Amino acid sequence: ILIRKPSTVIFCSSSMAAALPRSFLWEWKDPNDLFFLWKPFGIEINEKLEASRSSDQLRYQIGECNYIAHLCRTPMIQINENTKYKREIRRRDGNFDFERILMQWQWVNDDRHWIDYDSNINDVLTAAASRSTTRIIAFRIGDVGYEVDLAENRQINKATKYKREIRSIPVYKRDYCWEYLDDEGTYVPYVSGAQDDLEEAYRNGTALFELEIFQRAYLFDLKDMVQTRKLFGTKRKIRRVDHCVAEASAVSRLPRALSSCDSALSTMLTRLSLNDYAERFAREQISVSDVHLLSEGDLEKMGIPMGHRKRLLSAFGEARMEDSIPNEFYCPITMEVMKDPVLAADGFSYERTAIEMWLQSHSLSPMTNEHLPNKTVTPNRQLKKIIEDRMGSH
């Protein structure tokens with residue numbers, strides 16, 4: 001038996017690697033990230049990981065944290081040596097311009113999900129962080145004034161004094177954009193993780209492949225440029241455009257000015273018993289023809305609680321066939337028709353895998369945002385039978 005001592009490469013601090021095109025990109029993924037998106041390491045860590053590919057382990061420092069990467073495991077993982085927190089890492093082949101690795105500033109919401117600042121605020125924070133003398137930054141989002149303390153990585157609401165944690169992470173700025181055609185005839189960009197997967201398949205010459213987006217299964221035909229949702233068979237056109245073209249087309253998606261809540265949208269909100277939010281939609285100048293553009297992050301910025309956000313997103317669904325399916329069939333977390341519904345302590349039914357994953361890191365209800373008396377879930381067999389009987393007819 002050959003016993004081999006693990007080789008460990010230890011890097012000390014060094015100057016930033018030159019930002020030249022590379023044939024690789026190292027990324028990490030947080031298991032608690034709502035959308036399970038891959039994020040790139042910074043330039044320096046990318047270079048260190050690449051140089052250590054043949055080693056078992058690599059130690060490095062990011063900010064004040066020390067990490068060890070296990071490069072011979074499947075999957076590869078990164079471990080915070082202080083907290084023992086683990087994250088999966090990977091290496092991607094391709095043609096990557098490291099000058100496109102930029103810093104994205106984010107703030108954490110009440111559900112411990114990280115939300116991107118918009119490009120204007122991101123530029124201000126990035127510029128301030130590069131100047132050691134500037135530690136307090138003031139800005140406004142709508143009618144609300146904020147201060148950011150870069151020394152403590154905190155955002156402070158000037159009026160309420162409420163504090164939120166902030167951070168900056170590397171992101172890869174793409175020179176392309178994948179989009180799908182929505183019901184209003186407008187092309188809408190895919191989320192970051194789907195962008196990467198579509199581009200990788202495109203560059204590899206893959207004509208047909210399956211992909212999950214927000215736990216919904218899709219089949220992509222990159223020859224005919226068509227997306228098919230597997231559950232319902234609904235099809236949409238897709239396209240790949242230059243990033244600058246995608247940014248320009250976004251202008252056509254801006255909502256029209258409204259003096260009061262759009263009547264059709266008001267009717268929808270009333271049907272959902274959520275008409276209290278009508279004024280907020282009017283203030284943000286959003287009409288019923290614009291709601292399909294809204295993400296969960298947009299609704300969160302409007303101050304709408306998570307449970308209500310899920311109901312609204314469900315109501316803003318895309319397929320006509322889905323409209324004939326009762327809302328009770330959908331899991332409030334995945335927005336998919338449930339296959340194994342279970343009843344949680346808050347009285348709501350969820351897909352078993354989704355609520356069990358939620359309960360691993362949360363003690364609040366996804367629907368009401370109130371404390372759960374326990375984390376027990378029980379099979380909802382009656383609902384499961386109703387769903388199976390109803391879906392069997394579709």
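# A friendly tour of a predicted chain

The chain has an accessible surface of about 22000 Å², and 50% of that belongs to carbon and sulfur atoms. The model is a predicted one.

Q: How many helices and strands are there in the chain?
A: Let us begin with an inventory. Buried residues make up 43% of the 394 residues. As for secondary structure, the chain has 11 helices and 22 strands.

Q: Among contacts between residues at least 6 apart in sequence, what percentage join residues at least 24 apart?
A: This value tells us about contacts across the sequence. For the chain, the share that joins residues at least 24 apart is 49%.

Q: Which residue in the turn between β6 and β7 has a positive phi?
A: Strands β6 (residues 76-80) and β7 (residues 86-97) run antiparallel and are joined by 4 bridges. In this pair, Ile-79 stands opposite Lys-86 of β7. The two strands form a hairpin with 5 residues between them, and the turn residue with a positive phi, about 65°, is Lys-84.

Q: Why are the buried residues of helix α2 on the same side, and what arc do they cover?
A: Helix α2 spans residues 119-129, and its buried residues are Ile-121, Asn-122, Leu-125 and Ala-128. They lie on the same side of α2 because the arc they cover around the axis is only 135°.

Q: Which residues on the other side of α2 are exposed, and what covers the buried ones?
A: On the other side of the helix, Ser-119 and Asn-120 are exposed. The cover over the buried residues of α2 includes β8 (101-108), β10 (136-141) and β11 (144-149).

Q: Which strands are the edge strands of the sheet of 6 strands?
A: This open sheet has the order β15-β14-β19-β18-β17-β16, with antiparallel pairing. Ignoring direction, its neighbouring strands are turned by 35° against each other on average. Two strands pair on one side only, which makes the edge strands β15 (187-189) and β16 (208-213).

Q: Which residue in β17 stands opposite Leu-208?
A: Strands β16 and β17 (residues 216-221) run antiparallel, with 6 bridges between them. Across this pair, the residue opposite Leu-208 is Asp-221.

Q: Is Glu-179 buried or exposed, and with which side chain does Glu-179 make a polar contact of 2.7 Å?
A: Glu-179 sits in strand β14 (residues 176-181). Its relative accessibility is 0%, so Glu-179 counts as buried. The C-alpha atom of Glu-179 is separated by 5.6 Å from that of Ile-238, although these residues are 59 apart along the chain. The polar contact of 2.7 Å joins the side chain of Glu-179 to that of Arg-239.

Q: Which backbone oxygen does the side chain of Arg-236 reach?
A: Arg-236 belongs to strand β19 (residues 235-242). Because its relative accessibility is 11%, under the 20% limit, Arg-236 counts as buried. At 3.0 Å, its side chain reaches the backbone oxygen of Leu-181.

Q: Which residues does Glu-199 touch, not counting those up to four places away in sequence?
A: Glu-199 is part of helix α3 (residues 192-203). At 2% relative accessibility, this residue counts as buried. A polar contact of 2.9 Å links the side chains of Glu-199 and Trp-178. Leaving out residues up to four places away in sequence, Glu-199 touches Tyr-176, Trp-178 and Arg-240.

Q: Which helix packs on the sheet of 3 strands?
A: The strands of this open sheet are antiparallel and come in the order β21-β20-β22. Its edge strands, each pairing on one side only, are β21 (349-351) and β22 (378-379). The helix that packs on the sheet covers residues 352-359 and touches β20, β21 and β22, with a direction at about 95° to that of β21; this is α10.

Q: Which residue in β21 stands opposite Val-342?
A: Strand β20 (residues 341-343) and β21 run antiparallel and are joined by 3 bridges. In β21, the residue opposite Val-342 is Tyr-350.

Q: Why do the buried residues of α10 line one face, and what do they pack against?
A: The buried residues in α10 are Ala-354, Ile-355, Trp-358 and Leu-359. Viewed down the helix axis, they fall within an arc of 125°, so they line one face of α10. These buried residues pack against α8 (306-315), β20 and β21.

Methods: Residues are numbered from 1 along each chain as its sequence is written. This is a predicted model: local features need pLDDT of at least 70, side-chain atom pairs count only at pLDDT 80 or more; totals for chains, interfaces and linings use all residues. Side-chain values use heavy atoms; hydrogens and water are left out. Two strands pair if DSSP finds at least two bridges between them. Buried means under 20% relative accessible area, exposed over 50%, partly exposed in between (1.4 Å probe, protein chains only). The arc is that of the directions from the helix axis to the C-beta atoms. Contact means heavy atoms within 4.5 Å. A polar contact is a pair of N or O atoms within 3.5 Å; within protein, one must be able to donate a hydrogen and the other to accept it, and residues adjacent in sequence count only if both atoms are side-chain atoms. Axes are lines fitted to C-alpha atoms, for helices over the stretch in contact, and angles run from 0 to 180 degrees between N-to-C directions. Accessible areas come from the Shrake-Rupley method with a 1.4 Å probe; for residues, only the protein chains shown count as cover.
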